[in-house]
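Hi,

Here is the structure I promised to pass on. My notes follow below.

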Amino acid sequence: MQERFGAYRHHVLATLRKNGAPRLTGLEADFRYGELWLGMMVGSRKVLDLRRDPRFSLHANPGPGADLSGGDVRVSGRAVEVTEPQVVARYAAAVKPPEPFHLFRAELTEAVRTYTEDSYVVLESWVPGRPLRTVRRTSDDAALRVE
């Protein structure tokens, strides 16, 4: 998963607007210190969305063409705003984002990777505290095959 997000700099973040409708925006995500970090411009709508409702999904940039090398990856969870000056300063020193900025740490609740293998579409999903779940299917399958 981390490699897939690291392949490209910009990804697509989904947050919830005040009226509950989804909002999709671009975002640079960063894996650092063993966690996923989300840095955002001060006053952006996504900051306001996450402060109101911290649930999010982040879709990894699929890159050019239709290859989807490494699969199609998305994660979901809750964004926790980080305000401790020393943590923000450590992040800023390492990443050098445009300042000022808001910083969120992602608490993941799900990770999903979809890819093709032979004639199958394979979905791997992970939820904290549970084993990896793998589903393989073809267009001809009437029912899902869960491994």
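Contact here means heavy atoms within 4.5 Å. Helices (H or I, at least four residues) and strands (E, at least two) are DSSP runs, numbered from the N terminus. Buried means under 20% relative accessible area, with a 1.4 Å probe and protein chains only.

This is a predicted model: local features need pLDDT of at least 70, side-chain atom pairs count only at pLDDT 80 or more, and totals for chains, interfaces and linings use all residues. Residues are numbered from 1 along each chain as its sequence is written, and side-chain values use heavy atoms, without hydrogens or water.

Start with α3 (85–95). Its buried residues are V88, Y91 and A92. K96 follows α3 and has a positive phi, near 55 degrees.

Next, the nonpolar cores. A core is a set of buried Ala, Val, Leu, Ile, Met, Phe, Trp, Tyr and Cys residues joined through side-chain atoms within 4.5 Å. The largest has 18 residues; L36, L38, M40, F56, L58, V75 and F104 touch the most other members. β2, β3, α2 (45–52), β4 (55–59), β5 and β6 each supply at least two of its residues. A second, separate core of 7 residues includes V88, Y91, A92 and L103.

L58 also touches residues beyond four places away in sequence, among them F5, H11, L27 and V73.

Best wishes

Technical notes. Buried < 20%, exposed > 50% of the residue type's maximum accessible area, 1.4 Å probe, protein only.
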